[in-house]
Amino acid sequence: MRGGSSASLLVTHLKIKNKRKRGIHNMSIPGIPGLGQINAQPTPSTTSTTRTITLDPGSEWRFVTAREATSSSSTNFLTNPSSTSSSSSGVKVKLLSGSAERDGTSLAMNRVYTFSRTKSKIFTWEGCSLEVTGSCENESVYRPATMEDSCMVGWVNLHLLILQEQRERVSQSLKHHHGHKRSAAGGPPGPRVMICGAPNSGKTTLARTLAGYATRQGGQPLVASLDPREGLLSLPGTISAAVFGTLMDVEDPRGGFGVRNTPSSGPSMVPVKLPVVYYFGREKVMDDVPLWKDLTRKLASSVRAKLKEVDEVRASGVILDMPGWEGRPDAVGLEIMECAVREFAINTIVVLDNWELEQELHNKFSQEKTPFGEAISVLRLDKSNGVVPRDPAWSKTEMEAAIKEYFFGDAKQTLSPMTLSVSYDELGIFRALDESESYDPEDSSQQVLEPAEISSELRYWTLAIMDASVNDPPETIRLAPVLGFIAIADVDEDRRRLKFLSPVMEQLGNRPLIWGKWPEPYLNLLG
């Protein structure tokens, strides 16, 4: 096992707070000694330069670093790449004693971690001491009255008593059939868990935590996100999936899910992930449900292929992060959920902070089975009471930072993108149509893209480079995987020329580019 054994995740009297899982209530597991009553002691935030924070078992230090200032249009990131990260917005944390983790990934003893643009927490099962240097926009220590008052108890139960048990069972089956044809092993792959719930309920945090726990125990889970706002290992406006079989980047503002964890032109402190990415180009699923469903099917097909290729990935299964849903889903909402369940052969549905959604999904799937004959379980888990909603200003800052980081890197790793000036007629730029509600994927004569005319409106947009040819049919281009992105810096309509940033030196060739509808352009990367 990497990074510690499963014993480091155990607590006494673990319990999932879900009425339909009474079989594992009050299950005593030998765990960490000394876990008794923990008095609730709210701690005011502090702005001291350096301080020591002592956490009791089961408690957590919650912090919000000062956000990076919104960049002005005059900032030139090409000549001043250090402007992609503000040193004043970072806070340094060092683990002095005990054990601690951020979203399932352990902190190493006496190593200094720098966090910026981050709303997060450091949690401890056994208790720890942290040395913190720098100012936070907000910080506090949460000490639950009892261990079971922490949402982490339900989360670790989900990992250990449900998902990990399935992984071990599949792993043993694959070992038993080692050397035979893969189909001879029979049975399903490891757990396929779908995480859904209300917006700002901690769905992505739970997905990241489950992935962190699985990798710590030697697994290689395949994590997928169908939420275009998140941009897992990619820019916002995409859906994607990747195998997480190595250490996750604790310092990443997105805890290992950000673009810094993908291949780049520079060295990386943490092994990179290789995501499969599809371009949605819209903010919300409801902005184009037919396109989202088509891309979901394409992504699920890629996931199924990966599960068949690598035994370790097959045993570890899939962790699927869904878009948020407020209240009771309507017919279209249930259709969205059903599409994900069917395509990814989900056998465990976890709902955070939305009992109406839980009831609807339970009624819908409680009597159904997966293609492998498994029952589909629906669980409701508590969200963390420390979840901080993302306000529009913060979301805009995060979006800007992701785009800048994709092209220029960050304070730890500076990248040098190419600035190219080309004739507009040498490129194949396609624009998504305004309406596709009536789009029929069976009708190949329908248009899903149209060639884009040169326009000053292109300035500052980020375009997706598709793994297709400009000579392919529009529907083939629209559903192709993404190879990368370019950022339009300037448009000269009179001379019909474009200036753009590219993260690599390679020419685009006949690769088509898609001009989406979101995220909208916010900044000029060249000044």
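Leaving aside neighbours within four places in sequence, Phe344 is in contact (heavy atoms within 4.5 Å) with Arg192, Ala224, Leu226, Thr296, Leu299, Ala300, Val303, Val318 and Leu320. The model is a predicted one, in which local features need pLDDT of at least 70 and side-chain atom pairs count only at pLDDT 80 or more, whereas totals for chains, interfaces and linings use all residues. Residues are numbered from 1 along each chain as its sequence is written, and side-chain values use heavy atoms, with hydrogens and water left out.

Phe344 is also listed, with Met194, Met322, Ile349 and Leu361, among the residues with the most contacts inside the largest nonpolar core, which has 39 residues; such a core is a set of buried Ala, Val, Leu, Ile, Met, Phe, Trp, Tyr and Cys residues joined through side-chain atoms within 4.5 Å. Buried denotes under 20% relative accessible area, exposed over 50%, and partly exposed in between, with a 1.4 Å probe and protein chains only. Elements giving two or more residues to this core include strand S10 (192–197), helix H3 (289–309), helix H5 (331–343) and helix H6 (355–365), and H3 gives the most, with eight residues. Helices (H or I, at least four residues) and strands (E, at least two) are DSSP runs, numbered from the N terminus. Apart from this core lies another, of 32 residues, among them Met147, Val223, Val350 and Leu352.

An open sheet of seven strands has the order S17-S22-S21-S20-S23-S18-S19 with mixed pairing, where two strands pair if DSSP finds at least two bridges between them. Its edge strands, S17 (418–423) and S19 (449–451), each pair on one side only. Strands S20 (residues 462–466) and S23 (residues 512–515) run antiparallel and are joined by two bridges, with Ala464 standing opposite Ile514 in S23. Helix H7 (residues 392–408) packs on the sheet and touches S20, strand S21 (482–492) and strand S22 (497–502), its direction making about 100° with that of S21; axes are lines fitted to C-alpha atoms, for helices over the stretch in contact, and angles run from 0 to 180 degrees between N-to-C directions.

In the segment after S23, Pro519 is joined to Trp518 by a cis peptide bond, with omega of about 0°. Asp103, in the loop between strand S4 (101–102) and strand S5 (105–106), has a positive phi of about 50° although it is not a glycine, and Asp103 is buried, with a relative accessible area of 6%. Asn200, in the loop between S10 and helix H2 (203–216), has a positive phi near 55° and is partly exposed, with a relative accessible area of 33%.
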